[in-house]
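The paragraphs below go through one protein chain, from its overall make-up to single residues. Please keep the sequence and the model in view while reading.

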Amino acid sequence: LDVRTMWAECQRQARKWYEPGRFVTFLGYERTPWERRQRAGDLTVWFMDDDSDLVIEDTIAATIESVKQAEGRIFVGTHAAQKPDWEHYPEDVETVMPTLEISAMHQHAEWYLFEALQRGYKFATVGMADEHAGHPGYDVWARFGQAGTPRRPFSVRSALTAVFSHELTRMSVRDAFFARRTYATSGDRILLDVSVNGRPAGAELIGEDAVVVDVEVHGTANVERVDIIRGDRLVHSHLPNELDVEVKWVDPSPLAGEHWYYVRVVQANGGFAWSSPTWVTMEAGAIGVDDLPFWCDVIWPPAPVDRGADARKELAFAARVFGEDPVRFA
């Protein structure tokens, strides 16, 4: 099919299956601006109505400018497959791009969120499939390869986005994205609710006497870890090994100024969930950090004791394939 014919069919299908209150569709597509073709990485373009024309620009800046001109009828998201070229994004990109992909079938990309937060961006976390097979949260690319791509020795499950929406309509879902009322999972249907000082994850707030983080998790397998990250540090870990978990944590030493807090959940089956960050500004507080671990320092589960020659062979293979410390794949 030529592009125009295919786009008309996409419009028809988005219109056909949209049933407010029961099932929400968005007309959309994935776009690789020309300036990024040598380094990969894509934008996703979402439309609020079914009659929108394609937005095809050669640069990220031009794509975002075209989306701005649409005055709320279009918004964009990002792709976590490759390292982003942040220099191509305007400072006000959040006005049209409210979310950042933290997980997809290519990899888990918490580092991607961290880099954006360090640069001062305020995004909601989302997980996307990108598996091209229509089984979001279930399929694994390594099983089949796609569009000429060879089968891979490894890939993670396709990811999912959970949305706190007042109603099941396009506008309400869109508003939830821009309010940062989302969280991402690595494919498991994990239920996660996080609040900070009574405000939902994604909020910006002024802290007063204390910072209180409340977490409620209902796992699809036992929840092994609930990590709370503040800025670049892992400030608290809870190790429940239960399906249903509630955590209330009071920051014993909030930092002065603005700092983000978010929650990372790890299940016994390897499933993850990540809340959207919440930004808390404290007029008074501690300065600097103690000897807390960095957000990415903890390897879980811990490396096992030596299980013999077969285990060592497996770890050596993992090191060759992924270029990582073998104990990470224990």
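Contact here means heavy atoms within 4.5 Å. Among contacts in the protein between residues at least 6 apart in sequence, those joining residues at least 24 apart make up 63%. The model is a predicted one. Its secondary structure comes to five helices and 16 strands. The protein has 330 residues, of which 46% count as buried.

The largest nonpolar core has 38 residues, and F47, W86, Y89 and F123 have the most contacts inside it. Elements giving two or more residues to this core include the helices α1 (3–17), α2 (60–69) and α3 (110–118). The strands β1 (27–31), β2 (43–47), β3 (74–78), β4 (99–103) and β14 (257–267) also give two or more residues each. The most comes from α3, with five residues.

α1 has 15 residues and spans 21 Å from its first C-alpha to its last, close to the 21 Å expected at 1.5 Å a residue. Its buried residues include W7, Q11 and A14. These cover an arc of only 70 degrees around the axis, and therefore lie on the same side of α1. The partners against which the buried residues of α1 pack are β1, β2 and α4 (170–178). At its N-terminal end, α1 is capped by D2, with a side-chain oxygen 3.0 Å from the backbone nitrogen of R4.

In α2, the buried residues are I60, T63, I64 and V67. Because they fall within an arc of 95 degrees when seen down the axis of α2, they line one face of the helix. Their cover includes β2 and β3. At the start of α2, a side-chain oxygen of T59 comes to within 3.0 Å of the backbone nitrogen of A62. After α2 comes E71, with a positive phi near 55 degrees.

With a relative accessible area of 31%, N197 is partly exposed. N241 likewise has a positive phi, near 55 degrees, and sits in the loop between β12 (233–238) and β13 (242–250). N241 counts as partly exposed, at 46% relative accessibility.

A further loop residue is R180, found between α4 and β7 (182–185). Is R180 buried or exposed? Buried means under 20% relative accessible area, and R180 is buried, with 12%. Its side chain is joined to that of E204 by a polar contact of 3.1 Å. Beyond its neighbours within four places in sequence, R180 is in contact with K122, F123 and A124, with A201, G202, A203 and E204, and with S276 and W279. One of these, F123, is among the residues with the most contacts inside the largest nonpolar core.

Technical notes: Residues are numbered from 1 along each chain as its sequence is written. This is a predicted model: local features need pLDDT of at least 70, side-chain atom pairs count only at pLDDT 80 or more; totals for chains, interfaces and linings use all residues. Side-chain values use heavy atoms; hydrogens and water are left out. Buried means under 20% relative accessible area, exposed over 50%, partly exposed in between (1.4 Å probe, protein chains only). Helices (H or I, at least four residues) and strands (E, at least two) are DSSP runs, numbered from the N terminus. A nonpolar core is a set of buried Ala, Val, Leu, Ile, Met, Phe, Trp, Tyr and Cys residues joined through side-chain atoms within 4.5 Å. The expected span of a helix is 1.5 Å times one less than its number of residues. The arc is that of the directions from the helix axis to the C-beta atoms. A polar contact is a pair of N or O atoms within 3.5 Å; within protein, one must be able to donate a hydrogen and the other to accept it, and residues adjacent in sequence count only if both atoms are side-chain atoms.
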